[in-house]
Amino acid sequence: MQTSLQGIANRAKIDAKHRFGNLYSLLNEENLHWCFMKRLNKKASPGVDKADWHDYAGNIYGNIKELALALKNKVYKAKLILRKYIPKIGGQRPLGIPVVADKLAQTCASLILEAIYEQDFKDFSNGYRRGRGPRNTALELRRKIQHGRFRWIADMDIKGFFDNINHDWMIRMLEERISDKAFLNLIRKWLKAGILEEDGKITNPVTGTPQGGSISAVLANIYLHYALDLWFEKRIMPKCRGDVSIMRYADDFVCCFQYRDEANAFYGALKERLSKFGLSLSEEKCKVIRFTRFITNENESFVFLGFEFRWGVSRNGKPVVRLKTAKKKFKLALSSIKSWIKANRSLKLKELMTAYRQKLQGHWNYYGVCGNSSSMNTFFWEANKIVFKWLNRRSQRKSYNWEGFRNMLEHFKIPKPKIIAQ
């Protein structure tokens, strides 16, 4: 599999207009087995058949042989996708969970697509690409603004992006690089797969690709590569007389401009551009703001990838772009801690504190950026207050005072806030 992928990547890099055929043959028994062992998440939730990775692994050779044969004979049919909802700011985010066999075939296909399109994707496109996490993307945007001549920020948000991807446009975009009709038809099957809702109803999507599927991330990136990235690079940037830049992570993107009229012109042109591909902007979430080093007091701010961006002043009096945990993300993280401790406070203390340590460390790993110490210290205090409260509700008798609680945190090596990245 790895050798095949490297060959595809090399060809795609050498010839930007090459259209690949014979990709479908790579979905064979050997490559599917490699993907199952090397790429599938063992802890992923089961789909509609309630079978997880371990269940499938119980008869791995028989299951993979059956899947490979169905693909080879072109009798493969995608199963229903299980719809689940997870909390997000302002509501719930819908996820689609395929069965293991579909997830396996999608993973194999997505690796093939990545090998091709990694050579085409722009440097400012970061979503779901290896080595390009959201925190590093936020830090890169800060660096660009800090050292650039930008004065205006166009903070954009696409309304229901994953639900509104046009299937016909998606296939037309893929045909720019792929000539294998069997491979394209397979992707079309996944796009059209029925969705089993939580109330038991089955919907057959006309547009969109469910978040959660192995193939969805790379398809979303390809869609915006053609709908947004190339257009911005070839049409918007050449027309701007001042400095201009874009940073995108999946469907979340920010554009930086030196001049206000160019930022406003882009905003208007973007609406028209996205409508061509069945997309629209969330007007209430989009804004063009003044964001300049020459105004550091009471200046405007914007949120990107969980961080609030705002101009401030360093200790030596120089203007700097400061990153702070966004207020809504801060509240959502605390709410998650509260829900977790309420549901699990009856567990043994060692098990409970191990999980708490992991949760806090994950928070520090993401939000531990230079300039965010105050927000992290506040989070640590508020999270500890929540845990302290619910541990004392494990029985009718109060279990801890604050001195004893702090000693317990030290005993279990609960990590304190720490700056991870500059």
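Colleague: Is Cys35 buried or exposed?

Modeller: Buried means under 20% relative accessible area, exposed over 50%, and partly exposed in between (1.4 Å probe, protein chains only). Cys35 has a relative accessible area of 0%, so Cys35 is buried. This is a predicted model: local features need pLDDT of at least 70, side-chain atom pairs count only at pLDDT 80 or more, and totals for chains, interfaces and linings use all residues. Residues are numbered from 1 along each chain as its sequence is written, and side-chain values use heavy atoms, with hydrogens and water left out.

Colleague: How many disulfides does a search of the whole structure find?

Modeller: A disulfide is a pair of cysteine sulfur atoms within 2.5 Å. The search finds zero. For Cys35, the nearest cysteine sulfur is that of Cys108, 3.9 Å away. The sulfur of Cys370 lies 20 Å from the closest cysteine sulfur, in Cys256, and is therefore too far for a bond. Cys370 is partly exposed, because its relative accessibility is 37%.

Colleague: In what order do the strands of the open sheet lie?

Modeller: Strands (E, at least two residues) and helices (H or I, at least four) are DSSP runs numbered from the N terminus; two strands pair if DSSP finds at least two bridges between them. The order of the four strands is β2-β1-β4-β5, with mixed pairing. At the edges, β2 (91-97) and β5 (202-203) each pair on one side only. Strands β1 (residues 81-88) and β4 (residues 195-196) run parallel and are joined by two bridges. Ile81 stands opposite Ile195 in β4.

Colleague: Which residues of α6 are buried?

Modeller: Among them are Arg135, Leu139, Arg142 and Gln146.
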